Amino acid sequence: ADAIYRDYARIGAVLQVPAGLWPVDRAAFDAYWSAGLGTLGTDEATIRVARELLHPRTVPWWARACMPLIRLVTTGLLPAALRGSFGLPWDRRRQRVFNIVMRLLAFSYPPLPRRLRHAVKIRYLRKLDAAS
């Protein structure tokens, strides 16, 4: 987990987050995240961006086919207050399905080959290295 955090810190740097603003480790990130959650809000622009991310129009068919699951997991991982701010639907049924999906992922993810589990991260880190 610490190695993954360090890898994603590189992505933060490419996104122009100054190194001094990126939390130095996972514990510092947890503190930063907890403090920041209380300050988050939404407006028309953030709601529009969320809608575009969760309902993309220009993605391959296979990505569109995955979007209901991606929307469920993304929405389920958000704190309830943010779900409400974004107007994302959530109810008992969605919570039950989310819980089932998370249990399935917890069971099926660890046995996957490491290379497959980290394929997306590795791909983007290579692109970042090539661009540097």
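Predicted model: local features only at pLDDT ≥ 70, side-chain atom pairs only at ≥ 80, totals over all residues.
Let me start with how helix 1 meets helix 8, where helix 1 covers residues 2-14 and helix 8 covers residues 119-131, helices here being DSSP runs of H or I with at least four residues, and strands runs of E with at least two, numbered from the N terminus. Their axes come within 11 Å and cross at roughly 45 degrees, each axis being a line fitted to C-alpha atoms over the stretch in contact, with angles running from 0 to 180 degrees between N-to-C directions. That angle makes helix 1 oblique to helix 8, since angles under 35 degrees count as roughly parallel, over 145 as roughly antiparallel, 65 to 115 as roughly perpendicular, and the rest as oblique.

Which residues make the contact? From helix 1 they are I4, D7, Y8, R10, I11 and V14, and from helix 8 they are K121, L125, L128 and D129, where contact means heavy atoms within 4.5 Å. By class, this contact has 6 nonpolar, no polar and 4 charged residues; Ala, Val, Leu, Ile, Met, Phe, Trp, Tyr, Cys and Pro count as nonpolar, Asp, Glu, Lys and Arg as charged, and the others, Gly among them, as polar.

Residues are numbered from 1 along each chain as its sequence is written, and side-chain values use heavy atoms, with hydrogens and water left out.

As for the chain as a whole, there are 8 helices and 0 strands, and the C-alpha atoms fill a box of roughly 40 × 35 × 30 Å along the principal axes.

Now to the pockets, a pocket being an open set of points on a 1 Å grid over the protein atoms alone, with protein on both sides within 12 Å along at least five of seven lines, and lining residues having an atom within 4 Å of a point. The largest pocket has a volume of about 340 Å³, and of the 13 residues that line it, L40, A50, L78, L82 and F86 lie nearest its centre. Helix 3 (44-54) and helix 5 (80-86) are the elements that give two or more residues to this lining, and helix 3 supplies the largest share, 5 residues. The lining of the largest pocket has 10 nonpolar, 3 polar and no charged residues.

The second largest pocket is lined by residues including V17, W22, F29, W33 and L40, and its lining has 9 nonpolar, 1 polar and no charged residues.

Methods. 1 Å grid on protein atoms, 1.4 Å probe; cavity = no way out; pocket = protein on both sides within 12 Å on 5 of 7 lines; lining within 4 Å. Points joined across faces, edges and corners; volume = space filled by probe spheres on them.
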